Amino acid sequence: MDYDFLIVGGGTAGAVVAARLSENASLRVLLVEAGDDLAPGTEPADIKDGFPAATLNPSYFWNGLTARSEDTGAAAPYPQARVLGGGSSINGMFALRGVPTDYSRWAAAGAGDFSWETVAPHFRRIEDDRDNPGSPAGPHAMVRTPKAQWPAFARAMEAAAQQQGLPFVPNINEHTGDGFFAMPNAVKGDTRVTSAGCYLTQAVRARPNLKILTRTEVLRLCMDEGTVTGVEVLREGIQSTLHARRVIVSAGGIFSPTLLLRSGIGPAGELAALGITPAVNLQGVGRNLQNHPYMFFALTLPRGKRMATSLRRFAVAGMRSSSHMPGSEQGDLFGFVIGRVSGQSFGPSFALVGSALYAPKSRGSVTLTSRDPSASPQVDFRFLSDPADPPRMVQAARLCESLLRDPQVAAEYHEAFLLPGALAVKQFNRPGLAGKALSLAADAAANAPRSIRQAIFGWAFKSGKPVAWAGGGRAVSDQDILSSISPMGHPVGTCAMGATGDAMAVVDESFRVHGTQNLYVVDASVMPNITSANTNLPTMMLAEVAAERIKAADL
């Protein structure tokens, strides 16, 4: 069957676009996803969990993908979702919009009207903010953990932050300045909120003009002299071709450029060197890669000062601040408080305080290593390669460190350790019998005498002596901080929007790929600049805008 629109990828953006385009009953829409379906009522318990347990399940991710954080570092496993709902099905559930300058920078890059006045109504159309009952109720629920339910140290941090000039902000998504705030979570009751659950509802799936095809991997685009006619797919070991009048690539910041490159769209010289016949010479495909570098302090908490075991929440609070360094954007620094580190019973015995650079200037790349569709791309984030980034990353960490060393905060936890660079949740969790043994050992160690506890966790975290405790601690060098950074799951920019005359632009303001016919990209890869917020909610907003622009320009 021929389709009017074939959407590659049922992630955060693809689910939105499929739902919005199929509202027009005259359009035949096919959504193709490499991972498993998550039909309403069939979601696995770990994906539904209000704690991000899905992050620990390898069956929801692409196998073999690695990334380098810095030029001198080794490649390490880098998780990217392979399941309906994409990142929204496995992420930490932060529901943040960002700030107006994020979107004015998109407009300045040639992405069309993305003023705050334009994007804010789209956010409100998406959101069902349960803490602001007077606001419009969109499909995407969000809620905040009340202060009374925070661990004691988090409440003390909020008071200490106010003393440093960061006011408490009730609703950070409607506040464009700096401040300390209760973290909006993509949670409804105790259940994770995903783009698949919000947009691909039973009613939407019942539309006769929408078909969802999961466990189907798209190998390459079918093209004829720059005109896209469909895609080649692999399903249950059988390769075939699916035809469509329009193809929308929504495979994310890593795999959207990968698909374009495999199909001959990208830097012609690099493609030819791999034996791929160049179809459209677009230098920007796979370039302009951006992400948020972050690091963690891990805290051990006393009994009576922990979050309730029954409360399965991850991030409870956040802190937006500005470096005020020359050429830096407002809100370029970020801090966040994790109230529990595991869904297991020991989870609330520990907490995390994270620091991140949310407006990095460093740029990396996604490139092919082979023409073989089964070969993973090479991902180089090149963190800290721009000289403006290291001092700001240090400043973000130092702000959190100063709050942890504040006497009123230090009185509410046992000790704080500097964590080595890695996905923190995985450092505290293991699958199977090993996980159960770790849970028992962690619970016992968290409640052990101070000397034993510090020795155990100094060894377990590979960080030695704690950074801070009430009345003590050790110095942390700038290099210690910079050596502990890791990449967030926020890759963007690799198919950036921009004007036709921009040599590095990949799509225009209508999301059409330059130099092609009938081909679009709609996902975080088209963001010219990364948002100063976790990218899930901005990507949903972008997909809403894209659906409107595609319908207006091409139907």
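Predicted model: local features only at pLDDT ≥ 70, side-chain atom pairs only at ≥ 80, totals over all residues.
The protein chain holds 16 helices and 27 strands. Both are DSSP runs, numbered from the N terminus: a helix (H or I) has at least four residues, a strand (E) at least two. The radius of gyration, taken over C-alpha atoms, is 23 Å. Residues are numbered from 1 along each chain as its sequence is written, and side-chain values use heavy atoms, with hydrogens and water left out.

Start with the whole chain. Along the principal axes, its C-alpha atoms fill a box of roughly 70 × 50 × 45 Å. Of the 555 residues, 60% count as buried. Buried means under 20% relative accessible area, exposed means over 50%, and partly exposed lies in between (1.4 Å probe, protein chains only). The accessible surface comes to about 19,700 Å², and carbon and sulfur atoms make up 53% of it. Accessible areas come from the Shrake-Rupley method with a 1.4 Å probe; for residues, only the protein chains shown count as cover.

Among contacts with a separation of 6 or more, 72% join residues 24 or more positions apart. The chain has 50 positive and 48 negative charges, and their mean positions are 6 Å apart. Here Lys and Arg count as positive, Asp and Glu as negative, while His and the chain ends are not counted. Each charge is placed at NZ of Lys, CZ of Arg, CG of Asp or CD of Glu.

Now find strand E14, residues 238-249, which contains Ile248. Is Ile248 buried or exposed? Ile248 is buried, with a relative accessible area of 0%. Its contacts, beyond residues up to four places away in sequence, include Phe5, Leu6, Ile7 and Val8. Tyr520, Val522 and Ile550 also touch Ile248. Met93 is 155 residues from Ile248 in sequence and 26 Å away in space, C-alpha to C-alpha.

Helix H8 covers residues 252-262. It is mostly covered: 11 of its 11 residues are buried. Among them are Gly252, Phe255, Pro257 and Arg262. Gly264 follows H8, and its phi is positive, near 90 degrees.

Positive phi values turn up in other residues as well. Glu225 is not a glycine, yet its phi is positive, about 50 degrees. Glu225 sits in the loop between strand E12 (216-224) and strand E13 (227-235). Glu225 is exposed, at 81% relative accessible area. Leu384 has a positive phi near 70 degrees and is not a glycine either. Its loop runs between strand E22 (378-380) and helix H10 (389-405). Leu384 is buried, at 15%.

His140 is in strand E6, residues 140-142. With a relative accessible area of 1%, His140 is buried. Ala186 is 46 residues from His140 in sequence, but their C-alpha atoms are 7.4 Å apart. Ala186 is also one of the residues that His140 touches, as are Ala95, Asn536 and Met540. Asn185 lies in the loop between strand E8 (179-182) and strand E9 (187-188). Asn185 is buried too, at 2%. A polar atom of the Asn185 side chain lies 2.9 Å from the backbone oxygen of Met183. The residues that Asn185 touches include Gly92, Met93, Ala95 and Ala315.

Gly493 is in the loop between strand E26 (486-487) and strand E27 (519-521). Its relative accessibility is 0%, so Gly493 counts as buried. What is the C-alpha separation of Gly493 and Ser525? It is 4.5 Å, although they are 32 residues apart along the chain. Gly493 also touches Ala524 and Met527, among others. Thr539 lies in helix H16, residues 536-554. Thr539 is buried, with a relative accessible area of 6%. Ala524 and Met527 are among its contacts as well, along with Thr12, Ala13 and Asp523.

Methods
Contact = heavy atoms within 4.5 Å. Rg over C-alpha atoms; globule rule 2.2 N^0.38 Å. Polar contact = N/O pair within 3.5 Å; in protein donor to acceptor, adjacent residues only side chain to side chain.
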